[in-house]
Amino acid sequence: MGYRANSMEPYFIVLAQKGLENAGSLIVPRGIYVEYELEAVSRNEGYFIIGDRKFYPGPRILDRLATARYIVAFAVTIGAEIGLRIRGLAEQGAPVEAYMLDFIAGLAADNVAEAVQRRAETDAATRGLGCTERFSPGYCGWPVAAQKTLFSLLPPNPCGISLNASSMMTPEKSVSGVFGTGPGMGRKAYGCGGCDKENCPERRRMT
Ligand code: SF4
């Protein structure tokens with residue numbers, strides 16, 4: 001939340017603890033992943049193809065995925081209930097509590113994505129394969145409109161997640177994306193130089 005270690009005021013510590021207690025009963029984690037063979041890559045034209053769908057993820061991501069054998073498409077969510085509670089708190093004039101719960105929900109959704117990737121990594125390891133870090137439409141130079149194509153590679157409304165016309169997910173606290181799988185592959189730090197996405201959760205995690 002932007003606090004340095006051990007610098008949070010007691011008042012906010014109590015609020016954060018309350019938010020964590022509330023979040024426990026409001027979070028319903030669900031996730032799915034599907035592995036596709038990497039059918040084609042063109043660094044010159046900036047695309048890769050999986051499941052007969054073509055993606056233009058930008059050079060930053062393409063560089064990491066180009067040597068993969070498989071691309072794993074995933075979607076996870078923590079459900080709609082926590083979003084309703086966050087909105088309710090904001091409407092009831094409790095913006096700090098709403099902010100705390102919203103922050104906790106964002107971390108929780110990302111933790112579900114991490115859990116799904118660890119499951120996939122365990123499976124990949126049994127075949128002698130490793131996995132890259134995760135990439136999501138809307139981040140690292142990948143247009144968010146790619147969500148629609150990405151979702152076409154998953155079952156309809158995966159885990160109860162739907163997309164609106166702007167490619168935003170409902171429930172809001174959901175994460176979708178891909179990672180690469182192949183021999184000798186592993187996670188690397190996101191190279192964030194030159195990226196202007198100040199509120200990126202990955203950037204926050206690294207600083
Ligand atoms: S800050 Fe880093 S991880 Fe976040 S979108 Fe930019 S390049 Fe990707």
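Figure 1. Glu-114 is buried, with a relative accessible area of 16%, whereas Arg-118 counts as exposed at 52% relative accessibility. Here buried denotes under 20% relative accessible area, exposed over 50%, and partly exposed the range in between (1.4 Å probe, protein chains only). The model is predicted: local features need pLDDT of at least 70, side-chain atom pairs count only at pLDDT 80 or more, and totals for chains, interfaces and linings use all residues. Residues are numbered from 1 along each chain as its sequence is written, and side-chain values use heavy atoms, with hydrogens and water left out. The side chains of Glu-114 and Arg-118 form a salt bridge of 2.8 Å, N to O; the term requires a side-chain nitrogen of Lys or Arg within 4 Å of a carboxyl oxygen of Asp or Glu. Both residues belong to helix H4 (residues 95-126) and are four residues apart, about one turn of the helix. Helices (H or I, at least four residues) and strands (E, at least two) are DSSP runs, numbered from the N terminus.

**Figure 2. The salt bridge between Glu-114 and Arg-134.** Glu-114 also forms a salt bridge with Arg-134, in which the closest N and O atoms are 2.8 Å apart. Because Glu-114 lies in helix H4 and Arg-134 in the loop between strand S5 (130-131) and helix H5 (146-151), the pair ties together parts that are 20 residues apart in sequence. Glu-114 and Arg-134 are both buried.

Figure 3. The closest N and O atoms in the salt bridge between Arg-187 and Glu-121 are 2.9 Å apart. This pair links distant parts of the chain, 66 residues apart: Arg-187 is in the loop between strand S8 (174-182) and helix H6 (201-206), and Glu-121 is in helix H4. Arg-187 is partly exposed, with a relative accessible area of 36%. A network of salt bridges links Asp-110, Glu-114, Arg-118, Glu-121, Arg-134 and Arg-187. The count of salt bridges comes to 10.

Figure 4. Helix H1 (residues 10-26) has 17 residues and reaches 24 Å from its first C-alpha to its last. This is close to the expected 24 Å, calculated as 1.5 Å times one less than the number of residues. The buried residues of H1 are Leu-15, Ala-16, Gly-19, Ala-23 and Leu-26. They lie on the same side of H1 because they cover an arc of only 100 degrees around the axis, the arc being that of the directions from the helix axis to the C-beta atoms. On the other side, the exposed residues include Pro-10, Val-14 and Leu-20.
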